[in-house]
Amino acid sequence: MASLLQGRLPVNQDLLLMQKGMSMRKVRSKNWKKLRYFRLQDDGMTVWHARQAGGSAKPSFSISDVETVREGHESELLRSLAEEFPLEQGFTVVFHGRRSNLDLVANSVDEARIWMQGLQLLVDFVTSMDQQEWQDQWLSDWFQRGDKNQDGRMTFQEVQRLLRLMNVEMDQEYAFQLFQTADTSQSGTLEGEEFVQFYKALTKRAEVQEIFENFSADGQKLTLLEFVDFLREEQKEGDHASDLALELIDRYEPSESGKLWHVLSMDGFLSYLCSKDGDIFNPTCRPIYQDMTQPLSHYYINSSHNTYLVGDQLCGQSSVEGYIRALKRGCRCVEVDIWDGPSGEPIVYHGHTLTSRILFKDVVATVAQYAFQTSDYPVILSLENHCSWEQQQIMVQHLTEILGELLLRTTLDGLLPTQLPSPEELRRKILVKGKKLRTLEEDLEEEEEEEELESELEGEQEDEPELEAQFEFESQKLSPRSKDKKKEKKFKPSLCPSLSALVVYLKSVSFHSFTHSREHYRFYEISSFSETKAKSLIKEAGNEFVQHNVWQLSRVYPSGLRTDSSNYNPQELWNAGCQMVAMNVQTAGLEMDIHDGLFRQNGGCGYVLKPDFLRDAQSSFHPERPISPCKAQTLIIQPWFQVISGQQLPKVNKTKEGSIVDPLVRVEIFGIRPDTTYQETNYVENNGFNPYWGQTLCFRVLVPELALLRFVVKDYDWKSRHDFVGQYTLPWTCMKQGEPVLRPLANTPALAAFLTPSSCPFPGYRHIHLLSKDGTSLQPASIFVHICTREGLEGDES
């Protein structure tokens, strides 16, 4: 069976040559460079490799796994081999998620060009595929895996093997019945469209058919009015349901006649439910939708820790790839640890460890190239400076020359500000965070004096004051008064004044107490806290921490004991309004799922506006003891999650062909301590293909503005911890919203008259499209749920 997309693939000479295959060197390190034969398969969607032409081949990668293709000079590894291989013959295949890059060296510049252009053409094609094309390609991939002898047809024995590969245990007699029904040619095998029909019979969803028939008079179609009823009653779309129904029919009904008569078939109804319009995530929260004109301290900022590391904290590799990945994920604060390096060039690595070294200038160049590819909002360079005076001067040179106009060197208007600028005001600017010799006021005052002096001289002295002159001014201010000039010459502050001057709005200061900060610190000064210290402060003085974070930035970093680059749960720090909660982004897991879930909103721009009670300087909110909005009674939200079914869940143990998952769904809520909880369904035995649960899980949420919701599918194992299958995490406030309605805050006569507009979060039937541990799509894996909520007062169970 040829790829269902083959007729839609671009006809291109590069692709034809790639399908014939070419020998290239696969490079893993300076010492590991091996010749391999790479070939694009006839489906145009997978690349296989073998030790030599005609040898036993195995899959290398799928085009859908590829993010982009880079030229050889952009690869650290290939640059290190420039004397051995011309950079023009090398290129890098970059994958989604945390999968390592693939560095290849072709036999000629022309062959490298063929593969780079061909792969990028296919990546662009895959990126533009619609839902039906994705489904077709997924089907084609399964057919190729099931067609063991690769003859383009599938026997019943191959179908049985395929079912096991697809994660489903099915009665043999029933499977054979479906097989015979699909075999319309009566050839004893399935080909092309026959396999498609077999798949459709296999994936028939009774639970969706039942919903469809509940609103359809004839069970065959939904008329426009019937579909409007469904959108109003179940999906809570409100007054705009009529207009929306027309749009959805036009978008998802596969037949032209159905579109013409404004009716929706079962296939169209299912396409709608599986689409972005039927998704859990509110589409209005996908683009940048928040107010971006408030001070920086009013936002959560996507931040990374030891960004240069792509492994552990002791022996891991340092690489500019860490910065590329972080910035492309939406990180807006990256960390750089700088130490004196050989040949006068500062280097970046985790000091006093065995981690590898990279050049500071390469880090700066990488930041300059990738800073604003994902987001236009400001990037913060958090400098941990351990360099000598001389190499600090080199740092300044690299920062100013490489970053150029991107680098913020003074306040936006040259005047003394009264609060931190906003992300909007700082668009496409790179800010330096670090230690500073003086206050911002003193810097601005000196700038003003220099301008006046230059004006008076009127060109008599063209050169800028030299660095030594600046140093003399600083040393006079910082050293004890003495007439002994020799002693003054010996005094030299550890921080170079020209580097100090590059720190504008983000001056690093030590934290002593919240009282000390209020009395002595300025709004542009920022303190860093270890996770242990920050959590301790939340317990001891949670409300003071909240108020502190209204006007001043806080950065929290992982404990030094996390040598394996593990992460802490950021939620507890966000509850106190901490803006820069730095994560080891190279390490997948629950903590990064929560982090990615928060920053999935607002266009993935790396800035998320904090709730209003965390932006109020007089806020009485305490993250450990949240105060009731109604003082006497607490308003709560009570959601019911009916977990209905799952679709095409991936295998956990791909090495064992007969291994089939026993899936269960766990629904987790993260927020303030009373809201943080979970519940889970029973497991379904031996069915990852179309498991049915039909179970309802009930929760209570006090502070939805801080809550994140995580759906995770696990493979039940009574002997050990359940294995991870897939997950999806999102903020409570980003769930699909119903039409605003008026709801009483209480059932008591005194409060019943007080009505407030409210919206019902995430009503109706929705699909949750699962992500892998790396945060990449597991399409078409999903779970199907029905959710409703109500609001009331604590103790009101009516």
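The points below move from the model as a whole to individual elements.

1. Basis of the note. This is a predicted model, in which local features need pLDDT of at least 70 and side-chain atom pairs count only at pLDDT 80 or more, whereas totals for chains, interfaces and linings use all residues. Residues are numbered from 1 along each chain as its sequence is written, and side-chain values use heavy atoms, with hydrogens and water left out.

2. Confidence. The pLDDT, the predictor's confidence in each residue on a scale from 0 to 100, averages 87 over the protein, and 87% of the residues score at least 70. Over residues 459-490 the pLDDT is below 50, and this stretch has 27 contacts in the model beyond near neighbours in sequence; contact here means heavy atoms within 4.5 Å. The pLDDT is also under 50 over residues 628-632, with six contacts beyond four places in sequence. Where pLDDT is low, the predicted coordinates should not be read in detail.

3. Overall content. The protein has 24 helices and 31 strands, taken as DSSP runs numbered from the N terminus (helices: H or I, at least four residues; strands: E, at least two). Of its 798 residues, 53% count as buried, where buried means under 20% relative accessible area, exposed over 50%, and partly exposed in between (1.4 Å probe, protein chains only). Among contacts between residues at least 6 apart in sequence, 69% join residues at least 24 apart. The protein exposes about 36,600 Å², of which carbon and sulfur atoms supply 49%; the areas come from the Shrake-Rupley method with a 1.4 Å probe, and for residues only the protein chains shown count as cover.

4. The seven-stranded sheet. An open, antiparallel sheet has the strand order β4-β3-β2-β1-β7-β6-β5. Strands β4 (58-62) and β5 (66-71) are at the edges with a single partner strand each, so one side of each is left without a neighbour in the sheet. The twist averages 35° from one strand to the next; axes are lines fitted to C-alpha atoms, for helices over the stretch in contact, and angles run from 0 to 180 degrees between N-to-C directions. Pairing requires at least two DSSP bridges between two strands. Strand β5 pairs with β6 (residues 90-95) in the antiparallel sense over five bridges, and T68 stands opposite V94 in β6. Helix α3 (residues 109-127) packs on the sheet, touching strands that include β1 (22-27), β2 (33-40) and β3 (46-50), and its direction makes about 150° with that of β5.

5. Helix α7 and its surroundings. Which residues of helix α7 (residues 192-202) are buried? They are E194, F195, V196, F198, Y199 and L202, and the buried residues of α7 pack against α4 (131-146), α5 (156-165) and α6 (172-182). In helix α4 lies D136, which is buried at a relative accessible area of 12%. D136 and V196 are 60 residues apart in sequence, with their C-alpha atoms 8.9 Å apart.

6. Strand β17. Six of the six residues of β17 (residues 503-508) are buried, so this strand is largely enclosed by the rest of the structure. Strand β16 (residues 430-434) runs parallel to β17 and is joined to it by two bridges, with K507 in β17 as the bridge partner of G434. Strand β18 (residues 525-530) also pairs with β17 in the parallel sense over two bridges, and S508 stands opposite I526 in β18.

7. Cysteines. A search of the whole structure finds zero disulfides, a disulfide being a pair of cysteine sulfur atoms within 2.5 Å. C274 is partly exposed, at a relative accessible area of 21%, while C496 counts as buried at 0%.
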